[in-house]
Amino acid sequence: MKIRFRLIAALLCFCMMLSMSSCMYMGRVFGVVGDMMLEIDQNGDDPDDGLGKSPLVYTLTEADLTHFTDLVNECRELVLAGTDTDAIEAAMIEMEDFYYHIVSQAQIAYLLYCKDMQDQQLTDDQLFASGMQSDAYGIYIEFCQAVDESNSPYREEFFSTWSEADLMSMRSYTDEVTALMQANDEISAEYHELDLESEDDLKKVAAFYLDFLENNQKQAKIMGSANYYEYANESMYLRDASKAEREAFRDYVAEYIVPLYVDLSADFEPLFSALSPGNQLKISNLLFKPYNQQSKDYVANYIATYPTDVQDSFNRMFDISSSLFTDGKNAYEGAYTTYLYDEGRPFCYFGPEYQGCFTIVHEMGHFYAGNFNALSDIQLDLAEVHSQANELLFLRYMKDNTPENVFRVLELYQVLTILGNIILGTIIDEFEEYVYTNYDSIKTKGTSLDQIMEDICENYGGKDTVYENVGDMSLYWKYVVIDSPVYYISYALSATAALSLYDISTRDVDSARETFLSLAEDLDIDLSFREMLEVAGLPDPYAESTMIAIRDCFS
């Protein structure tokens with residue numbers, strides 16, 4: 001076993017798989033469809049706590065870092081001597097296990113922080129734990145660098161599973177990278193203290209983001225990349241698309257997906273308005289009311305349609321040992337799945353307004369895959385296929401268990417949500433590429449980030465088309481680029497694959513389910529995202545033919 005060098009697994013991301021499933025139409029951010037639906041939204045009570053024992057016990061102290069340092073020093077002595085292979089392997093396993101204990105504690109600290117992001121003690125614990133995790137990683141890398149520079153007989157074996165990219169990153173790493181990431185932790189904590197419903201606080205986001213950008217840029221240059229956007233794509237997310245393929249993907253989204261979204265949005269209001277008030281409320285409840293306060297237990301009934309072993313895995317997510325539900329006033333408004341290495345399994349968080357049926361099954365997709373592979377081993381582009389595909393398979397289940405006129409509106413809403421994921425993720429990605437590539441100029445000239453976003457939206461039918469139909473992007477970027485830098489293209493790529501799977505499900509639901517389960521259970525982590533989709537029989541999301549097929553399917 002080797003501590004994974006990719007910073008996405010080892011440092012600040014905590015292996016989070018974030019949910020977009022209920023955020024597409026969040027009031028002031030998103031358009032007319034959401035406004036209409038939210039008028040009849042109803043809040044619910046807290047869900048049951050579950051039956052097991054919560055693993056969210058935070059115990060980290062300075063003594064843990066001291067102990068980890070001692071373990072690394074023991075490994076260093078044995079590896080540099082390079083003669084006692086059995087002792088080296090035993091010491092390395094003990095050291096790596098304790099490193100992942102620190103990682104788990106950092107994840108627990110963040111989960112507890114998410115319950116109340118205004119609580120000073122929880123904030124301090126989260127910053128302390130994250131700082132210790134990055135310190136521990138730095139100590140480990142210094143050890144690796146010492147081995148790399150040595151003449152140890154064990155050196156070749158030590159690096160036998162490392163790629164050239166791993167080696168290059170390890171050789172470039174310095175203590176400054178750790179300090180820069182810890183500085184961004186502080187920025188993130190201050191950012192979370194803002195009230196993004198306040199115009200005054202919204203105006204402060206740009207300054208936080210520019211400082212955040214600068215730290216990321218410095219990290220990337222230390223690690224040998226021209227800018228952080230390139231570094232994140234190549235070294236963290238392992239995306240294999242060329243610049244030309246990225247640009248073509250954006251063109252296809254503008255040409256095929258945006259017009260489709262606008263057309264379907266126009267269809268939604270008359271279809272929804274034609275329903276009886278009771279059926280309108282039924283749809284609103286399905287979309288926004290907590291999963292366990294529905295008129296029927298749709299999620300449990302959906303789970304029951306799978307084989308027993310799959311049911312058991314799905315149902316395990318609802319136990320307190322596997323998930324945290326909170327409606328706290330200052331809780332993080334979102335849902336995500338992380339991985340607790342001490343427990344050897346995934347763990348889900350569901351915050352206020354993120355406990356509806358589709359959010360539950362979204363995270364269930366992550367949770368199911370996390371039972372077969374540590375989430376840090378799953379490329380994020382693929383991880384979001386697991387979640388969005390499960391949403392759409394749940395939608396396909398609803399077709400057989402909902403009146404036809406109700407399902408038609410429900411399906412349209414969910415397809416609009418997924419298409420919106422593609423558009424939003426693509427626009428955010430182009431925005432981030434621009435600001436990271438042109439950071440020096442932006443800083444020198446004081447260029448408005450909102451203006452940059454407006455200019456980018458011109459490539460997708462114009463500002464008015466995007467802002468009025470999809471969402472107010474001058475608000476949306478402020479919600480996502482600090483918490484999830486260079487992440488949102490994963491939603492666009494995975495949504496494209498998920499829609500392809502949904503198309504299959506309309507003709508052969510059993511085949512679609514088999515594909516979904518195989519993508520979660522039978523991963524070859526040495527394959528690229530696109531190679532794994534090809535093995536599963538799904539089309540390349542970067543191909544124009546894929547976008548045309550989606551347009552034709554949903555037109």
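**A helix pair and some aromatic rings**

Hi everyone, let's start with two helices: the axes of α17 (residues 380–399) and α18 (residues 404–437) come within 10 Å and cross at roughly 170°. That makes α17 roughly antiparallel to α18, a label for angles over 145 degrees. Axes here are lines fitted to C-alpha atoms, over the stretch in contact for helices, with angles from 0 to 180 degrees between N-to-C directions. Helices are DSSP runs (H or I, at least four residues), numbered from the N terminus.

A quick word on the source: this is a predicted model, where local features need pLDDT of at least 70 and side-chain atom pairs count only at pLDDT 80 or more, while totals for chains, interfaces and linings use all residues. Residues are numbered from 1 along each chain as its sequence is written, and side-chain values use heavy atoms, leaving out hydrogens and water.

Now, which residues of α17 meet α18? In α17 they are Gln388, Glu391, Leu392, Leu395, Met398 and Lys399, and they meet Phe407, Leu410, Glu411, Gln414, Ile418 and Asn421 in α18, with contact meaning heavy atoms within 4.5 Å.

On to the rings. Rings of Phe, Tyr and Trp (its six-membered ring) pair if their centres lie within 6.5 Å; planes under 30 degrees apart count as stacked, over 60 as edge-to-face and the rest as tilted. By this rule the count comes to 44 aromatic pairs. Tyrosine 209 and tryptophan 477 have ring centres 5.7 Å apart and planes at 45°, so this pair is tilted. Tyrosine 209 sits in helix α10 (residues 205–222) and tryptophan 477 in helix α22 (residues 473–480), 268 residues apart. Both tyrosine 209 and tryptophan 477 are buried (under 20% relative accessible area, 1.4 Å probe, protein chains only).

Technical notes. Angles under 35 degrees count as roughly parallel, over 145 as roughly antiparallel, 65 to 115 as roughly perpendicular and the rest as oblique. Buried means under 20% relative accessible area, exposed over 50%, partly exposed in between (1.4 Å probe, protein chains only).
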